[in-house]
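Hi,

Here is the structure I said I would pass on.

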Amino acid sequence: MCGVGSASVSIISAKLSIMKILIYGGVFDPPHKGHFSLLKSAAIRIKPDIIFIAPAWKSPFKPAPLASFTDRAAMLKLGLGRLPQNIKKTITIHPFEFKRKKTTYTSEVLKYFSKKYPASKLYFLIGSDCLKDLGKWKNLSQILKLSTIAVGIRKGFGACAANRRNSKPPRQFGWRGGEFLALKGRFPPISSSKIRTRICAGYDPSGMPEPVENYIFRKGLYFSRVIKRLKKYMTPSRLAHAVSSANLGMNLAEKYGINRGNAALSLLFHDIAKGFSSRRLIRYVSGNRIRVPHMDKIISRNPRILHSYAGAHITEKIFKIKNRKILNAVKFHTLGRARMPLLDKIVYVADMACETRSFPLAEKIRKLAFKDINLAFKLAIRTKLNHVRNNNKEKIM
Ligand SMILES: [Fe+2]
Ligand SMILES: [Fe+2]
């Protein structure tokens with residue numbers, strides 16, 4: 001089956017006997033081998049009559065996924081291809097959350113399925129990395145009433161070995177009653193966020209079924225297409241800086257709940273014109289009639305600052321990025337501006353304090369940024385001013 005909202009679900013729903021239904025929720029951004037082996041293990045142990053994979057529109061605990069629902073569903077479908085046929089034929093990728101187009105809590109998903117299949121026993125499948133957040137789940141008691149929680153215990157991902165041996169509900173994570181099923185199996189220690197980070201850093205990812213990986217690069221997901229194009233415009237060391245700052249920017253955006261894609265793109269493009277000579281920058285800015293405040297002063301003191309204005313122009317005209325938030329973050333990453341929005345501050349800080357920076361305060365700013373972005377931003381500005389006063393302009397702009 002493996003279709004999105006396959007029609008054969010309704011045939012199965014006509015069964016009157018008690019069915020076992022396994023529901024697997026998650027963001028799957030992207031789906032990886034860990035997801036598929038967990039699913040396989042649960043299917044072998046529980047032997048469900050039907051499996052619903054319900055990709056989340058958006059997790060209540062995380063910022064919006066980078067890949068669209070359609071792409072994530074397509075990747076899931078591709079990854080399921082290698083499961084045994086007897087398991088595969090029971091699976092439907094359910095568009096429940098896609099239809100709602102909003103954050104949907106697990107209790108709402110379970111309520112929907114328990115209503116639709118009243119004579120059934122529901123199992124809700126999670127990885128053990130989700131256990132630590134269990135106490136924060138909305139309507140936890142209702143979830144535990146409606147379903148048996150099946151947990152694949154992954155080493156180093158939030159659950160201790162004792163749980164695996166004893167099949168005891170993990171009380172330390174806020175568990176209060178309910179049925180718990182510990183799944184044994186080999187679940188590779190992979191995470192979607194690590195895969196995303198590797199792709200965004202221009203590295204080959206591992207840990208995904210080949211068809212999923214091919215799909216990502218064919219569709220240019222997770223900025224893979226942009227990074228490929230940027231390689232033609234930037235030296236390897238400059239691209240490494242752009243990618244490193246984009247990674248930091250994405251983590252900060254995630255921490256502060258703003259769009260990670262905007263942060264990543266702003267930082268990937270921010271130094272695209274940095275390789276231009278001063279003369280070329282002046283020519284580019286004048287030739288394209290780009291408005292730059294205090295242009296004369298900049299030309300006489302440090303024309304290299306113009307790379308941010310030229311960079312924003314190239315990002316818009318050549319790479320066809322129209323998002324003003326991104327273009328402004330690129331434009332103002334050197335001099336800043338009054339009342340900078342959070343994205344601009346994150347870009348400014350990530351540029352200054354990413355892993356490729358070796359000046360003494362970089363690490364301090366980086367760590368501070370995860371505690372208080374405004375303090376980190378102030379420290380970054382102060383540090384940059386000190387460097388400029390000491391004539392080390394090139395190093396940190
Ligand atoms: Fe930079
Ligand atoms: Fe720059």
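In which loop does Phe28 lie? Phe28 sits in the loop between E1 and H2. Before going further, some housekeeping: this is a predicted model, where local features need pLDDT of at least 70 and side-chain atom pairs count only at pLDDT 80 or more, while totals for chains, interfaces and linings use all residues. Residues are numbered from 1 along each chain as its sequence is written, and chains are lettered from A and ligands numbered from 1 in the order in which they are written.

Phe28 has a phi near 55 degrees, a positive value in a residue other than glycine. Phe28 is also buried, with 25 other C-beta atoms within 10 Å. (Buried means 20 or more other C-beta atoms within 10 Å of the residue's own, exposed means 12 or fewer, and partly exposed is in between; C-beta atoms are placed from the backbone.) The loop between strand E1 (19-26) and helix H2 (33-46) also holds Pro30, and the peptide bond from Asp29 to Pro30 is cis, with omega near 0 degrees. For context, most residues other than glycine have a negative phi, and most peptide bonds are trans.

His294 has a positive phi too, about 55 degrees, although it is not a glycine. His294 lies in the loop between helix H14 (278-287) and helix H15 (295-301). Is His294 buried or exposed? His294 is exposed, with 11 other C-beta atoms within 10 Å.

Now the overall picture. The chain's secondary structure comes to 21 helices and six strands (DSSP runs numbered from the N terminus: helices are H or I with at least four residues, strands are E with at least two). Of the chain's 397 residues, 42% count as buried. Among contacts between residues at least 6 apart in sequence, 73% join residues at least 24 apart; a contact here is a pair of C-beta atoms, placed from the backbone, within 7 Å.

The largest nonpolar core has 107 residues, and Ile23, Phe124, Leu125, Leu268 and Val349 touch the most other members. (Such a core is a set of buried Ala, Val, Leu, Ile, Met, Phe, Trp, Tyr and Cys residues joined through C-beta atoms within 7 Å.) Helix H18 (residues 342-353) gives the most to this core, with eight residues. The core draws at least three residues from each of domain 1 (8-191) and domain 2 (231-396), with bounds from an automatic or database domain assignment.

Leaving aside neighbours within four places in sequence, Val349 is in contact with Leu252, Ile365, Ala369, Ile373, Ala376, Phe377 and Ala380. Ile365 and Ala369 are among the buried residues of helix H19 (residues 362-371), along with Arg366 and Leu368. What covers the buried residues of H19 includes helix H12 (236-256), H18 and helix H20 (373-389).

H18 also packs against helix H17 (residues 324-331), at an angle of about 40 degrees and with the axes 9 Å apart. (Axes are lines fitted to C-alpha atoms, for helices over the stretch in contact, and angles run from 0 to 180 degrees between N-to-C directions.) Lys325, Asn328 and Ala329 in H17 meet Leu343, Asp344 and Val347 in H18.

Not counting residues up to four places away in sequence, Leu306 touches Leu281, Ile282, Val285, Val292 and Ile298.

Cheers

Conventions:
Two residues are in contact if their C-beta atoms, placed from the backbone, lie within 7 Å.
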